[in-house]
Every structure is written in C-alpha cells, then in structure tokens.
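This briefing concerns the structure shown below.

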Amino acid sequence: MKPHRTIADREDVLGAIMLAPSLVYVILLVGVPFAFAILLSFSDATAGSLHFGWAGLRNYAAILGDAIFLRALRNSAIVTVGSQVLVVVLATAAAQVLRATFRGKRFARFVLLLPWAVPVSLAAIAWTWIFDSTFSVINWTLRAAGLMHGWLYWLGDPALALVAIIIVQAWRIFPFATVIVLAGLASIPQEIIEAAIVDGAGFWRRLIQVELPLLMPVVAVAVLFGVVYTATDLGVVYILTGGGPANTTHVLPTLAFQRGILGADLGQGAAIAVFLLPFLIVVAVAMLRLARHTEVGAR
Amino acid sequence: MDGVDLSIRDGEFLVLLGSSGSGKTTLLRMIAGLERPTSGEIHIGDQRVDGDVPPRARGIAMVFQSYALYPHRTVFQNIAFPLEAARVPRKQIEEKVRWAAELFSISRYLDRYPRQLSGGERQRVALCRALVRDPKVFLLDEPLANLDAKLRNTARDDLKRFQRQIQTTTVYVTHDQVEAMGLGDRIVVMEHGKVRQIGTPQEVYEDPVDTFVATFVGQPPMNLLEARDPSLPARTLLGFRPEHFLPKSVFGTSDDTRVFRFAVRRVEYLGSDRYVYGSVVEAGAPPPAEVTIIAKVPATIALAIPEGETHEFAVPRRALRYFDADTGRKRAP
C-alpha cells in the first residue's frame, strides 16, 4: 500500500489526463478545420495560390444568387426530410416485427444491421448498379412481374434521381434507427402495455396512443442523428449521381466539394459548406428539447 | 400452477395470499387473460373464458402493482382510455370520468399528469380507470404494495368501503397477511402453485389446515412444538398462537390448560405487547432441539418476566392445534 496519494487518487488530474487524447483529436481534426472553413468562407482564397484576401459576405451573396446552389439547398432539404420520414416509419415497423419471437430472429437482426456495417462508398457503388439505366434490377423485376411497361431512368431523371438518393439514405440510417426504437420499446414498462391490453385497446390503439407517444423521445434522438448524417453526407450523392444530370441533384456537401476542391474556389466552397450550420444547430436544439420535454417522468 | 380449483362468489372480496413465486399473480393473470393456462377452465359469470377470449372481452378490470398509468396522458385521459377503447360516446365518457373521479376525490387532479401525483393519488387514478369500465370482476395485483405504511391503512379502509359500495366481485393478490385478513371475505393461501387453504380470515387463522398455513398466517407465526405426549399418536406437533401462550398465573384454576416450562431468553418490549422468546423444557426428557417459542403478552399483563429464568407458561386446551409432524397436515386431537 502506497502511503501517499498517487495520481490515481486525484480524480481532477486523472480526469483531465484521460480526456486529453480525445480533446486533442477533436481540436486538431474537427475544431481547427471547422474554424478554418468559417474563415475561408469570408475570403477569396483559391486552391491555386497562398493568397488570402478578405471578401466579406461576397461569397454568401454569390451563392444566394446562384440557381444551382438554391437547387442544392432544396435537394438537401428534400433528401433529409424524405429519408427521415421513411426511416421513422420503417424503423418503427421493423422494431415491432423484431420484438416478436420467431425462428431465425437473430439472423433477421443480423441481416438488418448489415447496411450499417457496409462502407458508404461500397454501398453506393452497389446501388449504382441497382439503379443502372440498363441493368437496374428494380426495372427488370417490375417488368418481369408485369407491373411496368415503360422504363425508369433512375439516375438520369432529376426527380427519380432524388427518389433514388432518398432510398439509399434511408437504407443507410434505417438499421441504426431500428435498433434505437427497439431499445425504446424495451424500456416501456410491460405493465403499461398490459394495462392497455386489459383496458381493451387493440393493436393500433396501443401502438398509436400508448407506444408511439412513449417512444417519442427515443425517436427524436434517432431522427436527430439521421438528419445530421444525411444532411452532411457527401458519399452517396457523389457516387450515385455526382450531382448530375446537369447539376440538378447536388446537395450542399457535393456542391461544396465541386466548387471548393474541384473548382478550386475555396471561399465559395467553404461558404456553401458552412451555410447549413445554423439550420443544423436549430434542428439539434429543437430535437433535444422535444426529447427532454416528452421524457416520461418517474412512474 | 397445479390443480387449482376455486369458485368465487358473486360480489365476494377474495384475497389470494402467498409469498413470491406462490403462483398468486400467475393465477390472477390467467383470469385476466394475460397468460394462458396449459389446461383447465376459467369461467366468468356463465361465460367460459380460457382459450381465445381476449382480456377486453372478459368483463374484467385490473389494477397493477405499479398502477401502470399512461405517463403521457392526463389523469382524465387515463381514466377515459378504456372507455375510448370501447367506443363510448364522448359525452358519456366525460360524465363517467367525472363521476368516478368524484367517488375517489381526485376531481382536482384531472388535468394533471401521473408524474405530478403522489403514490396514493396514482393508486386512486388506477382504481378509477378500472371502475369506469363497469367490470364484472376487479383484479387487483398488490395495489397497496407501493404505498408507505401510514397511507396503506387508510387506503385499505377506502378500498374495502368502496368494494362494499359497488358490490363487484374482487380478486385481490397480496403477500401481506395483514391486508389479506383485513380485506378478504375469504382468503386463498397459496404456495408453489397449489392452494393450501381456502377460508374466511378467521378459519385460516384459527384453524389452519397444515403447518405451512399455520406459520405463514399470523405475526409472529404459530408456535410448533413436538408433543411428546403418550396420549397422542407418535410424531405429533402441537401448535398454538403466541397470544394464547401466557404466564400460568394469568389463568384461573378452572381453566383447562396445558402447562409448559418456558426458559425465557429475551423479552422484547413493543408497547402494546411484549414478545417473549425462549424454549420449552420438559422435565425428565432431554432438552428438545432449540425450537424458539414466542409468547405474545399484552401490556395489560404487568407481570415481571425476567430474562434467563424458567417460568411456567400455559395454553388453554381449546387453543391447541395438532399436526402430523411428517406430512404437516392437521390432525384431530
């Protein structure tokens, strides 16, 4: 037994030491680039030179007058909202199914979680085949089933391409959301569900009037994650459509990449990338407040 | 659950009493339809309900131990829930909820959420929610277990009064024998999924059918002692309640008593009573295995009972019960 206080006894020091690595990581790899991006968005810096001049709000003025940017902004909103609505509905349904006991349940859970484990880029490449203009499985299946007579150019038509993007984004977030909803369902006291059964509530009344309201805080967290993941994702759109056809399916991250890196206009690229920040903050705060507000008090 | 054969009378307050794992809650859940018996029949009124009759069609209402109120609904919405599920017209729901809330004096809380209520208020909301359905049977699963001791007494009184008033058949599950004695018209003592005894509180207390019931009901439990009496069959246990085991001098000479020599180990002063712990020693016989015997001496008997001495205690013969030491079953004297 050591007679003196060692560092392990001093929680204040120990805490700081243990936090330090992750703090350094966050500051260097997230904080600095983030601050730098905000700075860049007010500059006329380009990728070609070391020149750095103050541009004020010119970059922001330029993108707000740009039809492609406005379209990308709209697309970002459509994709984010659309995919999250899809995710909430599907995840709630899947959680209900996975809660039941049936043969092969573990296997079903495993398969369901797979999309979460697949790297975005690989998955997106697989999806480009699914949506391919010639080989699309969806098209061939629909046609073989006699449900379709024309032909769908998934990634060639701006509207359909957005639908495709929504489907892939929803597919990506869905497993995570399902797991969260499952955990939420498990946290509802069994006696409350049984009380509803004895009170004469059928499946739908139970779901809509008891389970879903109690799940609200959990679903809000899942949606918050989904919104952030989707709104900031570059890979899916970049690989699936590259923003095309004719810049109609850009979302903010892909446009920022195109302008800032490929187009070498760092200032404007940064402005596009930073543009979403205030909206995401508002969404995050609103969701967290909702979660806290609807949180079920002690029984 | 094994061989439970039970019929509940109309309007009766029946208590299922047992420790945890005795099957009392399982039995209640089977009546409710939350669990299915593997075999056997359950009838409510003249309807057979085991099998595919869902809980909602059984005419039952249940109050859970945790009250299971819907935390996101107000008190009003909680009480209204079963009525909404039964598609009762809105106006009628309103009337019914207000009537029930009035009955349990929780009208003030109708707009509050369960988390804003105390334990006792929540329990009354749960009762209201059960009441508005006009059930044929009330099923109550330890509804007082989550209340503090002080509240439990008044809640018990309220509950009994209310049940007398509405005259609805009630099945009440508890592990608390004081509750069981105080509330039940009849008590069903259960252990390991089997019914040990069915009877009025008095029958169960005064005339237990076996040593399990004898020691499970009553606090402190019934004293059990090997008889060592040549006039009785071999291996007979004597049973007597602590309150019948009193200093010999308390009894008159005309009383027909059985006298024991009682080595007093410790006296516990409890205000209204003294609990005297010790063991019985019999002259001539080797000291019996240390069986602790308890005497409950009311405060009205002021006699000094010094610790560490042997005293003469007696039990009236009419208060003696006899059990078979091997089977535990009651035996005729």
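Two strands are taken to pair if DSSP finds at least two bridges between them. Strands (E, at least two residues) and helices (H or I, at least four residues) are DSSP runs, numbered from the N terminus. The model is predicted: local features need pLDDT of at least 70 and side-chain atom pairs count only at pLDDT 80 or more, whereas totals for chains, interfaces and linings use all residues. Residues are numbered from 1 along each chain as its sequence is written, while chains are lettered from A and ligands numbered from 1 in the order in which they are written.

**Confidence**
- Chain B has a mean pLDDT of 89, where pLDDT is the predictor's confidence in each residue, from 0 to 100.
- In chain B, 98% of the residues reach a pLDDT of 70 or more.
- For the complex, the predictor gives an ipTM of 0.81 and a pTM of 0.76.

**Five-stranded sheet of chain B**
- Five strands of chain B form an open sheet in the order β11-β15-β12-β13-β14, with antiparallel pairing.
- Since β11 (246-247) and β14 (293-298) of chain B each have a single partner strand, they stand at the edges, so one side of each is left without a neighbour in the sheet.
- Strand β13 (residues 273-281) of chain B runs antiparallel to β14(B), and six bridges join the two.
- Opposite B:D273 stands B:P298, in β14(B).

**Four-stranded sheet of chain B**
- A further open sheet, of four strands, has the order β9-β10-β16-β17 in chain B and antiparallel pairing.
- Its edge strands are β9 (223-226) and β17 (330-331) of chain B, each of which pairs on one side only.
- β16 (residues 321-324) of chain B is joined to the antiparallel β17(B) by two bridges.
- B:F323 has B:K330 of β17(B) opposite.

**Domains of chain B**
- Chain B is divided into domain 1 (13-215) and domain 2 (221-331), with bounds from an automatic or database domain assignment.
- The centres of domain 1 and domain 2 of chain B, taken over C-alpha atoms, are separated by 39 Å.
- Seven residues of domain 1 of chain B are in contact (C-beta atoms, placed from the backbone, within 7 Å) with ten residues of domain 2 of chain B.

**Contact between chains**
- 18 residues of chain B are in contact with 18 residues of chain A.
- On the side of chain B that touches chain A, β4 (60-63) and α2 (75-85) of chain B each supply at least two residues.
- That side of chain B comprises 14 nonpolar, two polar and two charged residues; Ala, Val, Leu, Ile, Met, Phe, Trp, Tyr, Cys and Pro count as nonpolar, Asp, Glu, Lys and Arg as charged, and the others, Gly among them, as polar.

Terms used: Two residues are in contact if their C-beta atoms, placed from the backbone, lie within 7 Å.
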